Amino acid sequence: MGLTARGAGLLVAASALLGAGLRFAYPELTVLGAAGAVAVGQAVLGAARRPRLVVDRAADPDRVAVGEPARMTLTVRNAGRLRVTTLLAVDRCADRPVPVPLLRLRPGRDTTLGYDVPTRRRGVLPVGPLRVTRRDPLGLYAATRPYGPATVIRVHPRVFPLTAVPTGAGRSLDGRVDGVPHGSITFDSLREYVVGDELRRVHWRTSARVGELMVRENVDTSLPRIVVLLDNRAAAHPERAGGVAGSFESACEAAASLVVAAFRQDLPVVLLLVDPGDDRAADPPLDRLAAVALTDSGSDGVLGAMLTRLRGDRSGDTLVFLTGPGGRDDLGRVGALRGAYPSVVVGVLGAAGPTSAAAGPVVLDAVDGAAFAAAWDAVRRW
């Protein structure tokens with residue numbers, strides 16, 4: 001908000017003319033200076049008046065995958081009693097200016113503009129607010145104000161179909177842990193009979209030994225909790241192209257594919273980041289994958305802290321570690337978690353060649369998310 005270059009020049013000229021006219025008693029110069037000063041004053045008063053505009057925006061949709069179409073619809077209504085003129089409106093979408101025409105908007109009328117949202121890259125795209133600039137007809141003064149709310153559009157990683165289903169872990173009373181097929185019901189424990197229990201669940205041999213009725217408790221232990229650990233350390237994804245780490249984008253695609261596959265098959269899944277940082281763990285996993293970024297914090301320290309946390313979790317889960325070419329040196333540390341996670345799979349995204357690994361986790365080398373999905377279904381014979 002302020003004088004334009006033209007307005008500032010006119011104000012300086014008007015002051016000089018007024019001073020010269022009064023100093024040397026030239027009425028013509030005084031009149032010209034006064035006229036210039038009046039013109040600047042009217043421009044300030046006219047442009048400073050705030051137009052009453054109501055702005056509504058709608059994203060369709062507000063969550064998309066990379067490359068999918070998304071459109072922003074903007075509606076601007078004149079809620080005042082006067083026609084608004086000489087307005088210049090610009091919306092911002094992902095730091096890209098989008099001009100919005102607002103010429104001669106009558107009272108009570110509205111104008112609608114729609115534009116495509118760029119979804120070529122994963123991320124959280126800020127949109128808005130609409131910035132309206134009002135100028136006087138001579139272009140002497142300009143006042144810019146924000147209107148309407150700002151919003152975000154989340155561009156999720158691409159999702160590739162996965163069909164392989166992990167095996168669950170059936171636990172016996174003697175502590176043995178066995179692999180069981182998905183969807184089975186497994187014996188878990190014995191308890192005293194309660195009125196209403198089905199007689200077919202009575203364990204007669206134990207009942208005869210203890211002298212009272214004992215019934216079997218069955219649980220579905222075949223549902224594994226899949227833990228997807230995404231390596232978001234910058235050191236794990238050293239190669240850049242246009243400022244973007246392609247291996248990290250592919251790792252996000254692999255993580256999104258695993259999470260969606262687990263949801264579709266009603267399997268519990270947990271998404272973790274090697275460096276949580278300011279990650280909002282309460283958000284949906286795909287929203288977190290849209291917002292996650294590489295971090296430059298201590299590489300070994302954050303990975304060690306996360307592995308210690310995973311080691312404290314209960315055994316019988318499937319752990320999937322997704323990293324880049326720079327994370328190959330940490331495969332031994334991840335493989336040491338096999339005591340807590342009988343099934344450990346490592347995906348090295350952006351790999352130019354095969355990864356040599358000692359006995360331990362299954363290693364899948366993939367150039368991108370699609371190659372990882374194919375390798376996952378080909379190798380994981382659950």
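Predicted model: local features only at pLDDT ≥ 70, side-chain atom pairs only at ≥ 80, totals over all residues.
User: Where does Ser-257 lie, and is it buried or exposed?

Analyst: Helices (H or I, at least four residues) and strands (E, at least two) are DSSP runs, numbered from the N terminus. Ser-257 belongs to helix 4, residues 246-264. Buried means under 20% relative accessible area, exposed over 50%, and partly exposed in between, with a 1.4 Å probe and protein chains only. Ser-257 counts as buried because its relative accessibility is 1%. Ser-250 has its place in helix 4 too, and it counts as buried at 7%. Beyond residues up to four places away in sequence, Ser-250 touches Leu-349, Val-367, Asp-368 and Gly-369.

User: How many residues of helix 4 are buried?

Analyst: The count is 15 of the 19 residues, so helix 4 is largely enclosed by the rest of the structure. Helix 4 reaches 27 Å from its first C-alpha to its last, close to the 27 Å expected. After the helix comes Asp-266, with a positive phi near 60 degrees.

User: In which order do the strands of the five-stranded open sheet come?

Analyst: Two strands pair if DSSP finds at least two bridges between them. Here the order is 17-16-18-19-20, and the pairing is parallel. Strand 17 and strand 20 are the edges, each pairing on one side only. On average, neighbouring strands are turned by 20 degrees against each other, direction ignored; axes are lines fitted to C-alpha atoms, for helices over the stretch in contact, and angles run from 0 to 180 degrees between N-to-C directions. Inside the sheet, six bridges join strand 18 to strand 19, and Leu-322 stands opposite Gly-347 in strand 19.

User: Which strands does helix 4 touch as it packs on the sheet?

Analyst: Helix 4 touches strand 16, strand 17, strand 18 and strand 19, and its direction makes about 165 degrees with that of strand 16. Helix 8 lies across strand 18, strand 19 and strand 20, at about 145 degrees to strand 20. On strand 19 itself (residues 343-349) you can find Ser-343, which counts as buried at 14% relative accessibility. Ser-343 and Asp-317 are 26 residues apart in sequence, yet their C-alpha atoms are 6.9 Å apart in space.

User: How many residues has the largest nonpolar core?

Analyst: In soluble globular proteins, nonpolar side chains tend to be buried together. A nonpolar core is a set of buried Ala, Val, Leu, Ile, Met, Phe, Trp, Tyr and Cys residues joined through side-chain atoms within 4.5 Å. The largest one here has 32 residues, and those with the most contacts inside it are Val-228, Leu-230, Leu-258, Leu-322, Phe-372 and Trp-376. Elements giving two or more residues to this core include strand 16 (226-230), strand 18 (318-323) and helix 8 (369-379). Helix 4 gives the largest share, 10 residues. Leu-230 is in contact with residues including Phe-248, Ala-251, Cys-252 and Leu-322, leaving aside neighbours within four places in sequence. A second, separate core of 20 residues includes Leu-272, Leu-303, Met-306 and Val-348.

User: What is the order of the open sheet of three strands?

Analyst: That order is 2-4-7, with antiparallel pairing. Its edges are strand 2 (53-60) and strand 7 (110-116), and the twist averages 15 degrees from one strand to the next. Strand 2 pairs with strand 4 (residues 71-78) over eight bridges; one to look for joins Ala-58 to Thr-73 in strand 4.

Note on methods: Residues numbered from 1 in each chain as written. Heavy atoms only, no water. Contact = heavy atoms within 4.5 Å. Expected span 1.5 Å × (residues − 1).
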